[in-house]
There are 2 protein chains.
Amino acid sequence: MSKPKLASQPTIKRLPSYLHVIENAQQEGKEFISGTVIAEELGLEPIQVRKDLAVTGIVGKPRIGFPVDNLIKAIYRFLRWDQDNRAIVVGAGNLGTALMGYREFNRRGLRIVAAFDPDKRKIGKQFHDTEVFALGQMAAKLKQLNAAIAILTVPSSHAQAVADLLVKCGIRAIWNFTNVKIRVPDTVTVQKEDLSSGYAVLSVRMNLPALVSK
Amino acid sequence: MSKPKLASQPTIKRLPSYLHVIENAQQEGKEFISGTVIAEELGLEPIQVRKDLAVTGIVGKPRIGFPVDNLIKAIYRFLRWDQDNRAIVVGAGNLGTALMGYREFNRRGLRIVAAFDPDKRKIGKQFHDTEVFALGQMAAKLKQLNAAIAILTVPSSHAQAVADLLVKCGIRAIWNFTNVKIRVPDTVTVQKEDLSSGYAVLSVRMNLPALVSK
């Protein structure tokens with residue numbers, strides 16, 4: 001296998017959907033899957049699929065396609081989903097508790113091991129088997145549970161203060177579901193998630209499809 | 001004001017984050033905001049911000065910037081968030097109920113007016129003031145409530161069957177949170193949302209930042 005290649009964010013974002021298609025093929029007992037089949041399933045160009053999958057280092061055979069088992073393993077490896085990615089949720093509100101119960105994450109190596117919330121009524125409660133702790137317990141708990149990722153689902157007005165606390169407690173990555181751009185040291189990875197983005201595209205596409213270019 | 005311009009999906013996806021920054025400036029009493037300030041706030045290139053905002057038809061003045069009130073109105077208008085976008089949630093599970101309670105949507109013209117679930121124990125219940133109905137009531141309810149968008153949060157194994165039902169009931173757009181690519185007539189807009197995509201990028205960036213290109 002060749003060494004890992006540089007990948008763009010759009011490529012990485014598409015890998016999970018490829019994984020679904022390839023895993024379905026595996027469940028159907030298929031040993032090989034072609035880039036064309038994956039492309040058709042997802043409404044993409046075959047050349048795009050082949051280019052994206054090249055980052056895994058797995059090479060398809062002409063007319064046969066990619067070896068299913070190896071390709072699945074290589075995608076997991078590339079995404080670092082083959083390791084235990086331990087995470088905490090900060091903000092046990094609607095979105096936070098929903099993410100705790102989102103089973104897809106478990107299958108992808110993301111293990112939510114604790115939640116934190118300032119609300120005393122929530123502390124000690126469990127949501128989908130995840131216990132809620134006080135913010136003051138964060139430093140000790142993060143160390144004990146060896147969690148490197150924080151999923152940030154607090155109200156936007158609290159986002160920066162909570163991010164500062166997370167940094168102080170030694171967090172390595174923050175998945176930011178708030179509306180705020182948070183400021184952290186360069187050593188901390190921040191990934192922003194905005195549910196309004198998808199809604200924005202849907203809204204323009206359904207009302208004025210001619211306005212949206214590729 | 002010039003007529004609406006063609007916009008790419010990445011441009012449309014960035015507009016909601018611009019809106020947050022510009023609305024904050026408005027709350028601080030500012031009349032103008034420069035592309036450079038927006039860019040700094042979001043960690044983007046000023047040229048990108050100016051190019052993106054051009055789709056709204058609002059032109060910034062050199063050294064003064066964009067008129068805040070007009071720019072906010074123009075973004076709302078461009079995204080069709082100035083109208084009532086009535087939606088239903090299909091699948092009142094963890095994610096579905098969380099989305100019903102996601103207040104940000106309300107501010108952006110997305111009004112969730114009903115939920116549907118096959119589980120009899122959920123029917124008649126309310127989550128965040130949204131009532132859950134049986135799937136069999138969908139055709140009548142959609143017409144009565146004049147909802148054009150379905151937010152699909154059913155288990156992936158049910159996604160296509162429910163999408164077929166939605167199409168039969170005359171839905172115009174489906175915001176698909178399942179793992180499945182659903183097949184619908186060309187007249188129905190489908191926007192796929194995959195929470196694993198953001199996690200994939202986070203995972204690679206935190207573990208192997210050198211692998212991720214721009």
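## Strand pairing in the sheet

How many bridges join strand β9 (residues 173-176) of chain A to β10(A), and do these strands run parallel or antiparallel? The two strands run parallel and are joined by 4 bridges, where strands pair if DSSP finds at least two bridges between them, and A:Asn176 has A:Lys192 as its bridge partner in β10(A). Helices (H or I, at least four residues) and strands (E, at least two) are DSSP runs, numbered from the N terminus.

These strands belong to an open sheet of 7 strands in chain A, with mixed pairing and the order β6-β7-β5-β4-β8-β9-β10. Its edge strands, each of which pairs on one side only, are β6 (126-127) and β10 (189-192) of chain A.

## Basis of the model

This is a predicted model, in which local features need pLDDT of at least 70 and side-chain atom pairs count only at pLDDT 80 or more, while totals for chains, interfaces and linings use all residues. Residues are numbered from 1 along each chain as its sequence is written, and chains are lettered from A and ligands numbered from 1 in the order in which they are written.

The model scores ipTM 0.93 and pTM 0.87. For chain A the mean pLDDT (the predictor's confidence in each residue, from 0 to 100) is 92, and 97% of the residues of chain A reach 70 or more.

## Helices on the sheet and the interface

Helix α8 (residues 159-168) of chain A lies across β4 (85-90), β8 (149-152) and β9 of chain A, and runs at about 170° to β8(A); such angles run from 0 to 180 degrees between N-to-C directions, with axes being lines fitted to C-alpha atoms, for helices over the stretch in contact. Helix α9 (residues 195-207) of chain B also packs on the sheet, where it touches β4, β5 (110-116), β9 and β10 of chain A, and its direction makes about 165° with that of β10(A).

The contact between the chains takes 52 residues from chain B and 52 residues from chain A, residues being in contact if their C-beta atoms, placed from the backbone, lie within 7 Å. On the side of chain B that touches chain A, α9(B) gives the most, with 13 residues. That side has 25 nonpolar, 17 polar and 10 charged residues, where Ala, Val, Leu, Ile, Met, Phe, Trp, Tyr, Cys and Pro count as nonpolar, Asp, Glu, Lys and Arg as charged, and the others, Gly among them, as polar.

## Helix pairs within the chains

In chain A, the axes of helix α1 (residues 9-27) and helix α4 (residues 68-79) come within 10 Å and cross at roughly 150°. The helices α1(A) and α4(A) are therefore roughly antiparallel to each other, a term for angles over 145 degrees, with those under 35 counted as roughly parallel, 65 to 115 as roughly perpendicular and the rest as oblique. The contact of α1(A) with α4(A) has 10 nonpolar, 1 polar and 2 charged residues.

In chain B, helix α1 (residues 9-27) and helix α2 (residues 35-42) pack at an angle of about 110°, with their axes 10 Å apart, which makes α1(B) roughly perpendicular to α2(B). The residues that make this contact are B:Ser17, B:Tyr18, B:Val21 and B:Ile22 of α1(B) together with B:Ile38, B:Glu41 and B:Leu42 of α2(B).

Terms used:
Two residues are in contact if their C-beta atoms, placed from the backbone, lie within 7 Å.
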